[in-house]
Amino acid sequence: MDQPHEDAELLYQGQWLRLVRRGHWESCERTHGRDGLAVLVIAVTPDDEVLFVDQYRVPLGARTIEMPAGLVGDDHSHDTLESAARRELVEETGWEAGRVDVLLVGPTSSGMSNERIAFARALDLRKVGDGGGVDDESIIVHAVPRAQAPAWLMQKHREGYELDLKLWAGLWMIDHDPDGSPRG
């Protein structure tokens with residue numbers, strides 16, 4: 001994905017992103033990986049704790065609370081959604097999934113970017129390391145009892161953290177499939 005789509009006028013290209021125009025509409029595209037695809041991992045430990053990651057995000061100028069996530073195919077051309085979910089979960093949290101189910105793929109901000117997120121549910125977790133991310137990510141891992149997760153998130157918000165709104169979809173998908181049926 002190193003070139004913009006044929007119908008796009010390139011306005012600017014950096015190392016990771018480019019700005020394009022189609023007609024009168026400007027939008028952002030990723031310059032690497034699989035067509036702007038990322039994966040978000042919904043993970044609950046055997047002790048019924050939800051795994052969250054806490055890291056500083058430069059575009060927001062603030063620390064954020066998110067579920068483990070990462071790009072698909074950015075450094076691994078053979079990546080599948082499942083393999084990216086497994087890798088990101090271990091790198092960021094130190095937990096390994098025995099099984100990964102991809103639940104749903106869709107856009108994150110369809111008026112601004114081509115990025116799409118795949119929600120993946122990680123099951124049968126086992127602790128294999130400390131996590132913390134790679135390079136300079138400096139991720140802090142939080143394992144929060146599932147029953148307390150929404151209240152904990154709102155406390156973090158009061159403390160000044162930015163909260164990824166996809167957290168609430170992830171919490172819902174712990175127990176539900178995207179069609180609303182109980183988790184299969």
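Are Glu29 and Arg18 buried or exposed? I shall open with that pair and then turn to the domains. Please bear in mind that this is a predicted model.

Glu29 is buried, and Arg18 is buried as well. Their side chains form a salt bridge, with an N to O distance of 2.8 Å. In the whole structure, a search finds 18 salt bridges.

Let me move to the domains. The domain assignment divides the protein chain into domain 1, residues 1–31, and domain 2, residues 35–174. Their C-alpha centres are 26 Å apart. At the interface, 7 residues of domain 1 are in contact with 8 residues of domain 2. As a general remark, the size of an interface is often expressed as the accessible area lost when the parts come together. Here, the two domains bury about 660 Å² between them, and 51% of that area is on carbon and sulfur atoms.

What of the polar side of this interface? There are 5 residue pairs in polar contact between domain 1 and domain 2, counting pairs with both residues at pLDDT 80 or more. On the side of domain 1 that touches domain 2, the residues divide into 3 nonpolar, 1 polar and 3 charged.

The count of salt bridges between the domains is 1. Glu115 and Arg30 meet through their side chains in a salt bridge, at 2.6 Å from N to O. Glu115 counts as buried because its relative accessibility is 16%, under the 20% cut-off.

A further salt bridge lies within a helix. Arg87 pairs with Glu91, their closest N and O atoms being 3.9 Å apart. Both residues are in helix 1, residues 81–93, and are separated by 4 residues, about one turn of the helix. Arg87 is buried, at a relative accessible area of 14%, whereas Glu91 is partly exposed, at 22%.

Finally, I come to Ser138, in the loop between strand 9 (116–127) and strand 10 (140–145). With 53% relative accessibility, Ser138 counts as exposed. Leaving aside residues up to four places away in sequence, Ser138 touches Asp54, Arg63 and Gly132.

Notes
Residues are numbered from 1 along each chain as its sequence is written. This is a predicted model: local features need pLDDT of at least 70, side-chain atom pairs count only at pLDDT 80 or more; totals for chains, interfaces and linings use all residues. Side-chain values use heavy atoms; hydrogens and water are left out. Domain bounds come from an automatic or database domain assignment. Contact means heavy atoms within 4.5 Å. Buried area is the accessible area (1.4 Å probe) that two parts lose on being put together, summed over both. A salt bridge is a side-chain nitrogen of Lys or Arg within 4 Å of a carboxyl oxygen of Asp or Glu. A polar contact is a pair of N or O atoms within 3.5 Å; within protein, one must be able to donate a hydrogen and the other to accept it, and residues adjacent in sequence count only if both atoms are side-chain atoms. Ala, Val, Leu, Ile, Met, Phe, Trp, Tyr, Cys and Pro count as nonpolar, Asp, Glu, Lys and Arg as charged, and the others, Gly among them, as polar. Helices (H or I, at least four residues) and strands (E, at least two) are DSSP runs, numbered from the N terminus. Buried means under 20% relative accessible area, exposed over 50%, partly exposed in between (1.4 Å probe, protein chains only).
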